[in-house]
Structure formats: C-alpha cells, structure tokens
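Hi,

Here is the structure I promised to pass on.

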Amino acid sequence: MTAMTKHKSLVRLTAAEIAAKIASGELTAVEVTEAHLARIEAVDEKVHAFLHVDREGALAQARAVDAKRAAGEKLAPLAGVPLALKDIFTTEGVPTTVGSKILEGWIPPYDATVTKRLKAAGVVILGKTNMDEFAMGSSTENSAYGPTGNPWDLTRVPGGSGGGSSASLASYQAPLAIGTDTGGSIRQPAAVTGTVGVKPTYGGVSRYGMVAFSSSLDQGGPCARTVLDAALLHEVIAGHDPLDSTSIDAPVPPVVEAARSGSVAGMRIGVVKQFRGEGYQPGVVQRFDESVELLKGLGAEVVELDCPSFDLALAAYYLIAPSECSSNLARFDAMRYGLRVGDDGTRSAEDVTALTREAGFGDEVKRRVMLGTYALSSGYYDAYYGSAQKVRTLISRDFEKAFEQVEVIVSPTTPTTAFPIGERADDPMAMYLADLCTIPANLAGNAAMSLPCGLAPEDGLPVGLQIIAPAMKDDRLYKVGAAVEAAFVEKWGHPLLEEAPSL
Amino acid sequence: MTVIELVPYEDALAAYDPVMGLEVHVELGTKTKMFCGCSTGLGAEPNSQTCPTCLGMPGSLPVVNAIGVESAIKIGLALNCEIAEWCRFARKNYFYPDMPKNFQTSQYDEPIAYNGYLDVQLEDGEIFRVHIERAHMEEDTGKSTHVGGATGRIHGASHSLLDYNRAGIPLIEIVTKPIEGAGERAPEVAKAYVAELRELIKALGVSEARMEMGQMRCDVNLSLRPHGQEKFGTRSETKNVNSLRSVERAARFEIQRHAAVLGSGGTIIQETRHFHEEDGSTTAGRVKEEAEDYRYFPEPDLVPVAPPREWVEELRAGLPELPRVRRNRLREEWGISEHDMQSILNAGAIEPIVATIGAGAPADQARKWWMGELARHANETGRPLDELPITPEQVARVAALVASGDLNDKLARQVIEGVLAGEGDPDTVVEKRGLKVLSDDSALGAAVDEAIAANAAVADKIRAGKVAAAGALVGAVMKATRGQADAARVRELILERLAPAE
C-alpha cells in the first residue's frame with residue numbers, strides 16, 4: 001500500500017477503529033493526525049469546514065499520545081483520535097471567533113471545560129470549525145467567514161449552526177467533531193450531511209468556555225459518523241463541572257454500554273402527531289415512515305402521541321433565545337477584547353462600542369439582539385418573554401406525559417433535506433422552520449440524537465431520524481440509535497455516507 | 001448651573017413633610033468574589049485580581065459564592081426580614097465600560113430577604129423604627145478613572161482607565177421602605193439608620209463596613225409633600241453619600257433645596273444628584289425622565305438559591321447580640337447615661353473600651369482614657385481610635401499602674417504619649433522616661449523642707465490651723481519634682497511637719 005492510499009483509507013476509519021489501532025501499535029497518533037491534516041489540505045478549500053487548522057497543536061498532542069504509549073502507559077479510549085472542534089469553544093492560545101468578525105483575532109487565555117477534557121483524554125484537536133455567527137442559523141451561511149459546502153453537494157448547505165463540524169465528518173476530514181445545539185445546531189447539520197449528532201441532556205456537558213448564545217438552551221455535544229463513536233466522545237466530554245452552575249451533578253448515563261448493546265425489542269416508541277404535515281418534504285416523510293416500520297420490525301411497539309404545545313415551540317424559542325442572546329452579547333463592547341472600531345482619540349467609549357457592534361455583528365445577530373431587547377423591555381416582558389416561558393413549561397409537560405407512555409420519541413430531524421446555499425438567506429422564517437422538530441427538546445432540556453435513515457428519493461440527499469429521550473436518559477438514544485444504525489447498514493450493505501460523492 | 005436660594009430649614013419643615021428612602025450598598029468581606037474565585041483584597045495592582053469570569057470573557061460562567069449567600073441571610077435575619085425559601089438572580093442590563101458583561105448579576109423581584117425593620121436610637125434616646133423593603137445580593141462593578149479633566153469626572157477627560165479588580169466583589173443592597181413621619185428629624189434618622197446599620201454589619205462580621213473605603217455606600221432618596229398630602233412628591237436620588245455626617249447633610253440640603261424649588265412654583269425633576277463634601281451641597285447628575293429600562297430577566301447561568309430552613313434557623317441561632325441591645329447592656333453595666341453612651345458610640349470607642357475592660361481595667365478608667373486623652377489624640381491626628389498605635393492591653397496596663405500608685409494621672413498621660421510615639425509598651429516608657437511616682441520619704445522630705453522654707457507665709461497659716469492652705473505647698477513640691485511626687489504622701493509629710501501640736 002502506498003502512503004497515499006494508506007492515508008486515504010485511514011481517514012475512513014471510525015474513531016473506535018483508530019483508537020484500537022493506536023492502542024495496539026498498528027498506527028501511531030502522529031500518522032493518523034498527518035493523514036487527516038493531509039485530507040484537510042486536499043479538500044477543505046472546496047468544503048471550507050475549518051476556520052483555523054492548528055497543525056502544530058494537533059501534532060504536538062499526537063506526539064504526546066505516542067510517547068505515552070511508548071512509555072507503556074494505558075491510553076484513554078479515544079487517545080490519538082483527531083477531532084474537529086466547533087469554533088464556539090475557547091481554546092487557550094488558539095483563535096476562537098464564534099464565526100463572528102467581532103472576535104476576529106481574539107486568542108482566548110483559557111480552555112473551555114470541553115476543550116480541557118478532550119485534551120486530557122488524548123484527543124487530537126485538528127482545528128476550529130465554521131459555524132453560523134454566534135450559532136445563530138441553520139445553514140452556516142451566517143458565518144462572517146463565508147459558507148461551508150455540504151460534501152454531498154457543495155452548492156448546498158451543510159446545516160447549521162454546526163455546519164463546519166458536520167461537513168468535516170462527511171468529508172472525512174475528521175472522524176469526530178464537537179457541536180453545540182441551542183435549537184438543533186448539532187442534529188440538523190447531522191441530518192443533512194448523513195452523520196450522527198447528539199444533543200445531550202441540558203446540563204450533561206459543561207458550558208464553561210462555550211461562548212453563550214442562549215444560556216438556558218445551549219448544549220454542547222458529540223458529532224461522529226457512527227453511533228458508537230458519538231457515544232465514546234459523549235463519555236469524554238460529559239459529566240459534572242463545578243464551573244458551570246447548571247451542570248448536572250450526577251453520573252453520566254451509560255452511553256457507551258448502550259451503544260454497544262443496541263436493541264429496541266419490546267420497547268415502546270412514540271411518534272408525535274405534530275411532527276408531520278405541511279412543510280415536510282415527501283422524501284423525508286417517506287424515509288421516516290420506513291424507519292418507523294423498521295423499528296416495528298425490530299420488535300418495538302409504536303405509539304402515536306399528541307403533544308399540542310409543540311406547535312408553539314418555534315414561536316417560544318424565537319422569543320427566549322433572542323432575549324438571552326441580547327444580554328449575552330452585550331459584553332462585546334470593544335473594551336476588553338476583540339474588534340474595536342472608530343477609536344481615533346476623539347470618540348467616546350459609547351460611540352466606539354456602537355461603531356464596533358455595527359461593524360462586528362452580522363445581520364442575523366443584529367436581528368436577534370433587537371428582537372430580544374424588545375421582548376425583554378418593560379411593558380412587553382410579560383407578553384413575550386413571560387408567555388414564552390409558560391409555553392416552555394407546557395412543552396415540558398407534554399414531554400412528561402409522553403414519556404409516561406413511551407421510552408423514546410422518534411421524528412424526522414428536519415423537515416427537508418439540505419437546501420441550496422443562498423435559497424433561504426433572505427427569508428429568516430423559512431430558515432427558522434429547519435428547526436421545527438429539534439426545538440422542543442431544547443426547550444424541555446431533553447436528550448436527542450439524529451442519525452441517517454436514508455436518502456430522499458427526489459434529490460438523493462440524506463434524511464435524518466431524530467430520537468428523543470427524557471432528561472438524563474441519554475443512554476436510550478444510543479441503545480435505539482445503535483439498533484437502527486445496524487439494521488440500516490445491513491439493509492443498505494454499507495454506511496450511508498459511502499454513497500456520498502468523492503471530493 | 002442655576003444657583004438656588006435655599007429655604008431656611010425650619011421654614012421648609014413648616015411647609016413640607018419629608019419622605020426618605022435609603023439604599024445602602026455593603027461590600028461583603030468575603031475572601032473571594034461573588035461569582036468567581038478571584039481575591040477581593042484591597043490595594044492590588046490594577047486588573048491583577050481578575051479572571052475570565054469577572055472580566056466577562058466570552059464563554060465564562062458564574063458560580064455563586066456560598067459565603068456571600070450566608071452573609072446575605074445573616075444580614076436579612078439581623079434586619080428582622082423574612083428569608084426567601086426560593087429566589088433567583090436576575091440580570092440588570094445596561095451598558096457601561098466598567099461593567100464587564102454589560103449586565104449586572106443582581107436580584108430583581110425575588111430578593112433573598114424582604115419585609116424587615118431596624119430600630120434606631122436617636123440622640124435623645126428615642127427609638128425610630130425604619131422598615132426594610134428588601135436586602136438582595138449583587139456584584140460590584142469595576143472602577144473607572146477619568147484622566148485629563150479638571151474634576152475627575154468623565155466630562156472633559158481625555159481618556160479613562162479601567163480597573164476590574166472590584167468587578168464581581170459581592171454587594172448586599174439594603175433598601176428601606178419610604179421613611180415617613182420623621183419630620184424635622186429626617187436627616188438625623190437617616191444618619192442614625194446608616195450608623196446603626198454599619199454597627200450591625202460589623203457585629204455580624206460580614207464586612208468591615210468602612211464608609212471611607214467605599215465598603216459601605218449610601219444613596220439618599222428624598223421628596224417633600226405638603227403637610228396632609230398622602231401622595232409622595234417627586235424624589236431626587238443623591239448618590240454615593242459616603243460618611244455618616246454627609247448622609248445627614250445631604251438629607252438636610254435636599255429638604256431645603258426641594259422646598260426652595262417647590263416654594264417658588266417650580267417642579268422637582270427626578271434625577272440623580274452628586275453630593276459635595278466641601279460645602280454639603282448637591283448638584284444635578286443624570287436626569288431620569290422615565291424609569292431606565294434594565295430589561296431584568298432571571299439569570300439563566302445560575303440555579304435558584306433555595307436556602308434550607310434548618311440552615312436559616314441555624315444562622316438565626318448563631319446571630320451575635322445586636323448592637324443596640326449590646327449597647328444598652330453595656331450602658332447599664334458601666335452605669336452611664338444615654339448621652340454618654342452616644343458619645344462613646346460616635347467616637348468609635350465601644351470596642352476599644354470593651355477590650356480594655358477585658359484586659360483588666362475598671363470600666364471608668366477604660367472609658368476615661370479612650371474618651372479623654374486618646375480621643376483627643378485621634379482627633380488631632382485624624383485617625384480612628386482603633387487605629388491608634390496603642391492596644392487596649394496597653395491602656396489597661398497604664399490604668400493598673402495608676403491604681404497601684406506607681407503613676408499618677410499626669411505621669412500616666414506621659415506614658416500614653418510615649419506609647420503613641422512608638423517608644424514601647426507602658427513599662428518600657430516608664431523606665432526609659434523615668435516616670436515613677438516619688439513616694440520615698442527621704443527623697444520627698446528634702447523637697448518638702450525646701451517648699452516650707454521658700455513659702456514661710458503659707459507655712460505659718462498651716463501652723464495656725466488653716467490646713468486647706470497645704471494645697472499650695474503640695475503644688476510647689478509637685479512642681480519641683482516635675483509632677484513625679486506622690487501628691488497624697490507629700491500632703492501627709494507637710495502636715496506632719498506643720499500641723500499644730502494636738
């Protein structure tokens with residue numbers, strides 16, 4: 001085998017396979033890292049998944065893993081496996097932009113807890129991935145640094161906000177990635193790129209060092225090409241963090257064990273009435289219905305559920321998330337870090353702040369800051385933010401009632417397949433609909449996963465199946481996900497991603 | 001700036017009834033900040049006590065300081081408040097460069113303590129009950145220093161320096177309900193309230209509450225209404241009034257100013273005002289045309305604070321004796337008047353006196369030294385009593401030397417002077433300066449004989465039975481011995497020599 005073909009096959013390995021080969025000595029972490037760096041160099045000009053590639057940092061980490069192994073130390077389960085980190089997590093000494101001009105050039109002085117845990121586990125961080133500015137969007141077109149292409153069709157979006165992470169997986173630039181999910185930013189990109197993405201239970205993964213969009217909804221989580229890889233990564237990043245007050249102080253659900261023992265036999269699975277109808281692409285509905293049949297075939301009992309408040313979820317989300325973001329983004333004032341515009345010695349601090357925010361924030365960010373500022377204003381608070389919080393409670397109750405009857409809920413992840421770049425750029429409402437099925441789980445704080453369930457016949461693009469579990473029952477996602485994945489791979493004869501065109 | 005002709009105080013009160021609201025911010029004395037682990041120590045290099053959280057760096061998150069919550073509950077309990085079973089922090093949103101996140105983490109409609117009162121004692125002993133609306137937890141801002149202007153204010157400055165060491169230091173904001181019915185005593189009530197609150201905070205051990213260091217800051221809200229009117233008038237908010245005397249003066253000035261404006265047919269503008277120490281006046285600050293919209297909402301980065309009842313009761317049981325109760329007890333123990341106790345309180349002498357008594361001195365002696373010689377010295381040097389370079393133990397030692405006859409008052413004063421001058425402890429000063437009372441008869445005898453010889457006329461009077469004249473001879477001996485003689489013994493020796501034979 002030539003070095004070139006070895007590299008080529010190497011980047012197609014799963015994270016679990018790479019880790020095993022490094023642990024056994026068949027591969028070195030440096031070799032693996034170099035192969036992925038070469039892949040990035042070869043294809044990322046077309047895909048634009050990365051905003052920053054940390055070649056030196058990645059190789060240094062890989063060398064450290066190899067040295068550890070050479071010294072006879074036991075390696076952590078994902079030691080030496082490369083990963084693409086969404087550019088929303090702070091990385092000490094490595095730029096963090098959140099896809100925004102306002103943080104261009106900012107070098108954080110500290111690591112996010114997720115970053116720290118990845119490093120401690122020997123995971124090799126290749127670089128920082130593209131995203132919608134401040135994670136606001138469903139296409140990655142809102143990045144201040146240009147859009148990312150969907151590896152299935154580079155003229156289409158890879159989803160968002162974590163389009164860089166999903167695209168890096170689908171284009172074999174990394175076997176693992178980290179995303180964040182406020183309204184679907186892990187699951188929707190996973191769905192439209194034929195990859196796996198998990199939004200853990202709110203509080204399951206520390207938010208410390210994750211630049212805030214909407215604090216009560218934001219949740220970091222694992223992205224991968226297989227359910228098992230996602231579980232392995234989930235285990236590395238999850239768990240209580242004293243630096244995040246909303247972090248849950250309880251053992252991490254047994255996700256890896258669940259992913260290794262996938263089964264739905266005898267399980268009661270819910271299908272929510274509200275997750276279909278107008279706006280759903282026929283091919284998406286078709287693949288979803290087939291998935292439900294597949295689950296039945298695997299021994300699950302499928303129950304139809306009515307969750308009437310889910311119809312209000314999108315509206316509630318677009319009040320709560322902008323409200324929190326209007327406050328979270330107030331700190332970008334040109335005083336302490338990031339962009340500074342108009343500081344010519346004549347202008348006041350107030351003017352410099354205004355000019356900087358005008359120049360540094362993109363349209364979608366401004367739109368949401370304004371929406372949120374309005375929704376929190378006195379006289380409007382009760383009607384907007386207050387009502388939205390009530391809807392949130394209703395949605396949680398609908399979930400509670402549902403989970404009295406079923407162990408998990410399934411739905412399409414997003415109503416359509418990947419749309420063309422530019423198609424919805426000027427139509428925020430159309431863009432917001434991409435998160436119709438994912439938002440309820442954020443509002444309730446549940447755990448949810450998206451995994452591939454086929455290609456829509458009309459456009460040949462991936463469709464995602466969403467699985468939703470109660471809070472702190474993340475393991476159920478993996479148990480069901482692993483069973484579905486195995487059944488589909490058997491049916492298709494290969495993982496779905498192998499049908500993607502080579503770049 | 002319009003110069004207002006103030007209305008005489010009595011005239012203002014004759015026409016109007018003042019209503020006050022006092023907002024006091026107390027910086028807690030916790031070792032670390034309210035939401036991060038940074039030190040709260042004073043005097044550090046600018047921006048050296050900061051971290052991603054208190055600098056508001058992207059991605060950083062707050063974690064509540066448990067001691068901060070405990071201190072807030074203690075203050076609430078001491079103010080007879082109800083303690084919330086469940087409350088949340090809220091974000092108060094507004095832009096200012098010294099506020100790192102451009103929102104202050106505070107509490108809004110769910111304060112940790114509410115509905116309390118504080119009884120304050122006025123100078124004549126009258127008790128005035130001030131009702132407490134709430135006490136809530138929040139964080140301090142950084143400090144802006146405006147450079148290049150004449151006044152140190154932002155107006156006219158060429159640039160500003162920001163120090164975030166103070167950002168995130170825990171604050172408790174204590175807000176009174178409208179204080180009504182104080183009438184002409186409103187300024188006195190304001191001062192007495194802040195003084196009592198300061199004593200309370202110190203007694204709880206949650207802060208040193210030093211106003212001159214900004215550890216306790218007071219905003220005085222004041223309005224006037226015609227007598228008999230129920231509706232409050234428009235208020236002014238005089239910010240950062242930072243001494244007890246200033247609180248009183250600010251309230252008084254505002255009463256006179258409001259009365260002047262209202263009396264000439266004008267209207268009071270709701271605005272913040274700056275207080276000026278130099279002349280006790282206030283000047284207009286920011287106009288608050290409408291209530292500023294802080295867009296409060298519950299802080300999503302923190303979980304609710306739900307202090308278990310058992311813990312609250314434990315804290316209640318552990319509260320120290322409250323200052324007013326303690327003062328009354330001490331006053332009775334020491335057998336002094338309300339007025340004397342008030343003077344002692346005003347002089348900041350309670351703790352030094354208690355400590356001196358604790359070191360063995362009789363109460364009257366301890367009081368005498370701290371309220372006499374030492375208070376004078378404190379006054380002259382402009383330092384608080386408890387910062388004088390003399391300890392209660394040293395004062396007690398001086399008192400003991402007087403009691404044993406080793407020193408008389410005059411010598412004792414010299415010993416204290418020596419201690420204050422850094423010459424050592426009382427015994428060292430006595431030895432170095434040679435200040436022992438002379439009571440040795442042979443040494444004194446010569447001085448007495450000299451005095452008799454030099455004052456023959458006086459001596460004759462004594463011989464003639466006018467014993468009262470002996471004072472003049474005692475004085476002469478004391479003078480000759482530079483005050484070191486034991487005056488009682490001198491008198492005995494004089495009378496032995498001159499008393500008419502029985």
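This is a predicted model: local features need pLDDT of at least 70, side-chain atom pairs count only at pLDDT 80 or more; totals for chains, interfaces and linings use all residues.

Residues are numbered from 1 along each chain as its sequence is written, while chains are lettered from A and ligands numbered from 1 in the order in which they are written.

Let's start where the chains meet. On chain A, 34 residues are in contact with 27 residues of chain B (contact means that C-beta atoms, placed from the backbone, lie within 7 Å). Helices H11 (313-328), H12 (349-360) and H13 (363-376) of chain A each give two or more residues to the side that touches chain B, and H11(A) gives the most, with three residues. Helices (H or I, at least four residues) and strands (E, at least two) are DSSP runs numbered from the N terminus. By class, that side of chain A has 16 nonpolar, 12 polar and six charged residues. Here Ala, Val, Leu, Ile, Met, Phe, Trp, Tyr, Cys and Pro count as nonpolar, Asp, Glu, Lys and Arg as charged, and the others, Gly among them, as polar.

Now the cores. A nonpolar core is a set of buried Ala, Val, Leu, Ile, Met, Phe, Trp, Tyr and Cys residues joined through C-beta atoms within 7 Å; buried means 20 or more other C-beta atoms within 10 Å of a residue's own, with C-beta atoms placed from the backbone. The largest core has 164 residues, and A:Leu78, A:Leu83, A:Ala231 and A:Ile467 touch the most other members. A second, separate core of 70 residues includes B:Cys54 and B:Cys218.

B:Cys218 also turns up in the sheets, standing opposite B:Val241 in E11(B). Strands E10 (residues 216-226) and E11 (residues 236-241) of chain B pair in the antiparallel sense over four bridges (strands pair if DSSP finds at least two bridges between them). They belong to an open, mixed sheet of nine strands in chain B, in the order E2-E5-E6-E9-E1-E10-E11-E12-E13. Its edge strands are E2 (82-83) and E13 (281-287) of chain B.

Another open sheet in chain B has three strands in the order E4-E3-E14, with antiparallel pairing.

Finally, chain B is divided into domain 1 (22-219 + 295-311), domain 2 (347-433) and domain 3 (441-498), with bounds from an automatic or database domain assignment.

Cheers

Conventions:
Two residues are in contact if their C-beta atoms, placed from the backbone, lie within 7 Å. A residue is buried if 20 or more other C-beta atoms lie within 10 Å of its own, exposed if 12 or fewer, and partly exposed in between; C-beta atoms are placed from the backbone.
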